[in-house]
Amino acid sequence: MAGETYHDQIARNKRNSILLIGVFMVLFAGLGLLIGMVWGGGSSRFGIIVAVAAGALAFVLTLLSYYAGPAALLAMSQAHELKREQDPQLFNVVEELCLAGGLPMPRIYIIDDTAMNAFATGRDPRHAAVAITTGLRTRLNRDELQGVMAHELSHVRHYDILYATLMAVMVGVLVMLCDVFLRSMWYGGSRRRSSRGRDQGGGALQIVLLVIALVLAIVAPILAKIIHMALSRQREYLADAGSVELTRNPSGLASALAKLSGDTEVLEVANRATAPLYIIHPIKKFEARATSIFSTHPPIEDRIKRLMALMQ
Amino acid sequence: MAWVIVLGVLVLLLLLAIYTYNTLVTKRVRCRGAWSQIDVQLKRRYDLIPNLVETVKGYASHEKETLERVIQARNQAIAAQGVAKQAEAENMLSGALRQLFALSEAYPNLKANENFAQLQEELTSTENRISFARQHYNDVTAGYNTACQTFPNNLLAGMFGFKLEEFFELEEPEMREAPKVKF
């Protein structure tokens, strides 16, 4: 049953989002503990204080990314909201698809960029937004536009938007914090060396902790990214399938993807954190080695092939 | 001791029954909502047609026959009673509209008219809305009917008179079923 797959996907996304928040908080607290112990010269008390503070910070960040994440991502992408009069056809297409899926109408945003791309964000279907670049909007016909919008609405319907938005904000913050820590190690090295004479045993412990902290600081963001990518590739296939479930017309999306694959322009407003949200990878050179484990998006030819298979 | 266990089982059964009953009601409400949405979209089409006919008249007045057929089909669709009769009338209306738009290809002035382009977009959208609303009705109906027929829901459905809803018959039978997607 086609219906069952998307209900499963919703449950999976909600579960993963909660899991993500948990992992994020534990990771934060763990990193805080290590960083605190290194900074405090091996004092576990200082480490625990920093760990608790880091855990609390992670919780606040989670709340922030849940409520304000979508708005932040849209602002970061320099998207502005469209009114019906500005593009009646686009609104018609989205309203039609909302009827097909029994979804509430999302807000529609446009990104002034000649590169071709689109993405969806929000925390649930009632608080959702879809964004499309002017480059993509002007180059698609009605059927193709329908396919692309149905793909984005499937992300909304599957609650991919919740997970992806939390992910984008959290990975961004994690990478940033590790960066801050690594820099502080660089500049703070001399201060720690002077404290070694006072306590020899503490010095040895400190070096061990330092190594662990360094490894963690390097590995954590990489790990986060791999999880992130492995998950979002599957999501793209499912959203393509969901698009066909709404439109019952695989050729629209297939021909839109063919047009998208021909586009070599880089979308300037996209960055590493927001890239997984887009329908195709906005930094095009990644598309070339899309088969590697680091890719957030499956190769377009593969997606088109799967769509063609639905047409028989 | 034994009566505590019996009571516990009874309470559990009651909770299960309440949950099942509420699920069935929710699904039935969803079906009826989806059905009324079809009517909303059909009404939208009836309202657009007089406007369209007026616009086309100004450019292609000697295509009287086609225009009259559209108006006639519209009036028949509004007057039609019963699901089967209405479906037939709606299909006729769709056909007449397709003919009208095919005809517009021969009138460059008409095609260039902004008002006509707008109406054409609105009607294309309305046609899509009608078929999507029907598709959605069939999707939620399939969900409701399945819920009614599977065990143990079927016991409760029988007891409280949950009847199966009818599917909307589509012109193309292959559109009735959602495509089986396995990725």
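Visitor: Which residue in strand 2 of chain A is the bridge partner of Glu81(A)?
Guide: Glu81(A) is bridged to Tyr109(A). The model is predicted: local features need pLDDT of at least 70, side-chain atom pairs need 80 or more, and totals for chains, interfaces and linings use all residues. Residues are numbered from 1 along each chain as its sequence is written, while chains are lettered from A and ligands numbered from 1 in the order in which they are written.

Visitor: What makes strand 1 and strand 2 of chain A a pair?
Guide: Strands pair if DSSP finds at least two bridges between them. Three bridges join strand 1 to strand 2 of chain A, so they qualify. The two run antiparallel.

Visitor: Which residues are bridge partners in strand 4 of chain A?
Guide: Val130(A) is the partner of Ile108(A). Ala131(A) is the partner of Phe119(A). Strand 3 and strand 4 of chain A also form a hairpin, with two residues between them.

Visitor: How do you know whether strand 4 of chain A is covered or open?
Guide: A residue is buried if 20 or more other C-beta atoms lie within 10 Å of its own, exposed if 12 or fewer, and partly exposed in between; C-beta atoms are placed from the backbone. Six of the seven residues of strand 4 (residues 127-133) of chain A are buried, so the strand is mostly covered.

Visitor: What does Val130(A) touch?
Guide: Its contacts include Val94(A), Pro106(A), Ala118(A) and Met149(A), not counting residues up to four places away in sequence. Contact means that the C-beta atoms, placed from the backbone, lie within 7 Å.

Visitor: What makes a nonpolar core?
Guide: Such a core is a set of buried Ala, Val, Leu, Ile, Met, Phe, Trp, Tyr and Cys residues joined through C-beta atoms within 7 Å. The largest one has 89 residues; Val130(A), Ala131(A) and Met149(A) are among those with the most contacts inside it. Helix 1 (residues 2-39) of chain A gives the most, 11 residues.

Visitor: Why is this core said to lie between domain 1 and domain 2 of chain A?
Guide: Both domain 1 (2-75 + 167-217) and domain 2 (78-162 + 231-311) give residues to this core, so it lies between them. The bounds come from an automatic or database domain assignment.

Visitor: Why is helix 5 of chain A called largely enclosed?
Guide: Of its 16 residues, 14 are buried, so the rest of the structure largely encloses helix 5 of chain A.

Visitor: How do you know what span to expect for helix 5 of chain A?
Guide: The expected span is 1.5 Å times one less than the number of residues. For the 16 residues of helix 5 (residues 142-157) of chain A that gives 22 Å. The end C-alpha atoms are 22 Å apart, so the values agree. Tyr159(A), with a positive phi near 65°, follows helix 5 of chain A.

Notes
Helix = DSSP H or I, 4+ residues; strand = E, 2+ residues; numbered from the N terminus. Contact = placed C-beta atoms within 7 Å.
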